[in-house]
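Hi,

Here's the structure I said I'd pass on.

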Amino acid sequence: MSRWVIISCCVVLLGIGLVFIAHGLLIPAKAVLAQYLLESAWQKTRKDKKAAKPWPWADIWPIARLTIDGKSTLVLADGGGESLAFGPSHVSGSARPGTKGTSVISAHRDTHFQVLKRVKPGSVVTLERADGVTRDYEVRETRVLSKPKLLLPPEDGHDRLILVTCWPFDAVVPDTQKRFSVLGERIR
């Protein structure tokens with residue numbers, strides 16, 4: 001085999017490897033970079049008292065700041081699955097974060113909710129709303145549930161926060177059929 005063929009094969013294999021590496025880093029990179037733009041939008045939202053988009057064509061905006069185990073991240077308004085690449089998202093149909101009722105927030109297990117690995121009953125989760133009001137929630141329980149069993153508890157006047165992510169945390173498969181759920185109740 002000629003030297004030219006060997007070099008060409010090495011360059012092609014290197015190129016293919018770089019494509020796979022870039023693809024694997026895309027979601028984590030989007031998650032980190034988006035947080036800078038979202039932080040700017042959060043500060044503008046707090047200052048102007050109205051929702052600010054992080055970039056002109058965005059269909060998401062920050063509505064709360066969530067702090068778990070010292071790690072802070074912004075929560076996006078009523079986001080669908082596509083917004084999870086940018087940060088935790090409030091699940092529409094649940095109470096708005098930091099208000100009376102049960103609020104559900106979901107995020108990817110390998111980016112923003114990776115911190116849930118360390119959460120245990122008794123841990124405190126802090127949620128700050130855009131108006132500056134802060135609520136602390138004590139983790140009451142963590143559970144692993146199958147996808148169809150994720151139901152909101154009946155409204156009974158309690159102020160709850162449910163955090164949901166895929167499970168297991170170290171799974172190689174992107175869409176597992178189980179969810180890790182953290183239930184927190186507001187500390188008065």
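**What I found**

The protein chain has 1 helix and 8 strands. Bear in mind that this is a predicted model. Reading from the N terminus, the order of elements is α-β-β-β-β-β-β-β-β. In extent, the C-alpha trace covers about 75 × 40 × 25 Å along its principal axes.

Of the 188 residues in the protein chain, 39% are buried. The accessible surface is about 11,000 Å², and carbon and sulfur atoms account for 62% of that. Among contacts with a separation of 6 or more, 55% are between residues 24 or more positions apart.

Now the inside. The largest nonpolar core contains 21 residues, and Leu66, Ile68, Phe113, Leu116, Leu161 and Leu163 have the most contacts inside it. Two or more residues each come from strand S1 (62-68), strand S5 (124-129), S6, S7 and strand S8 (178-186). S1 supplies the largest share, with 4 residues. There is also a second, separate core of 9 residues, with Leu38, Trp55, Leu74 and Leu76 among them.

Setting aside residues up to four places away in sequence, Phe113 touches Leu66, Ile68, Pro88, Ile105, Ser106, Ala107, His108, Leu163, Val164, Thr165 and Phe169.

On the outside, Met1, Trp4, Val5 and Ile6 make up a nonpolar surface patch, with about 510 Å² of accessible area together. Trp4 sits in helix H1, which covers residues 3-48. Its relative accessible area is 64%, so Trp4 counts as exposed, the cut-off for that being over 50%.

You'll find His158 in the loop that links strand S6 (134-146) to strand S7 (159-167). With a relative accessible area of 36%, His158 is partly exposed, because that value falls between the 20% and 50% limits. Which residues does His158 contact, leaving aside neighbours within four places in sequence? They are Gly101, Thr102 and Glu185. For the Thr102 pairing, the two C-alpha atoms are 7.4 Å apart, although 56 residues separate His158 and Thr102 along the chain.

That's what I have for now.

Cheers

Methods: Residues are numbered from 1 along each chain as its sequence is written. This is a predicted model: local features need pLDDT of at least 70, side-chain atom pairs count only at pLDDT 80 or more; totals for chains, interfaces and linings use all residues. Side-chain values use heavy atoms; hydrogens and water are left out. Patches are made of residues with over 30% relative accessible area and no salt bridge: like charges are joined within 9 Å, nonpolar side chains (Val, Leu, Ile, Met, Phe, Trp, Tyr) within 5 Å. Accessible areas come from the Shrake-Rupley method with a 1.4 Å probe; for residues, only the protein chains shown count as cover. A salt bridge is a side-chain nitrogen of Lys or Arg within 4 Å of a carboxyl oxygen of Asp or Glu. Buried means under 20% relative accessible area, exposed over 50%, partly exposed in between (1.4 Å probe, protein chains only). Contact means heavy atoms within 4.5 Å. A nonpolar core is a set of buried Ala, Val, Leu, Ile, Met, Phe, Trp, Tyr and Cys residues joined through side-chain atoms within 4.5 Å.
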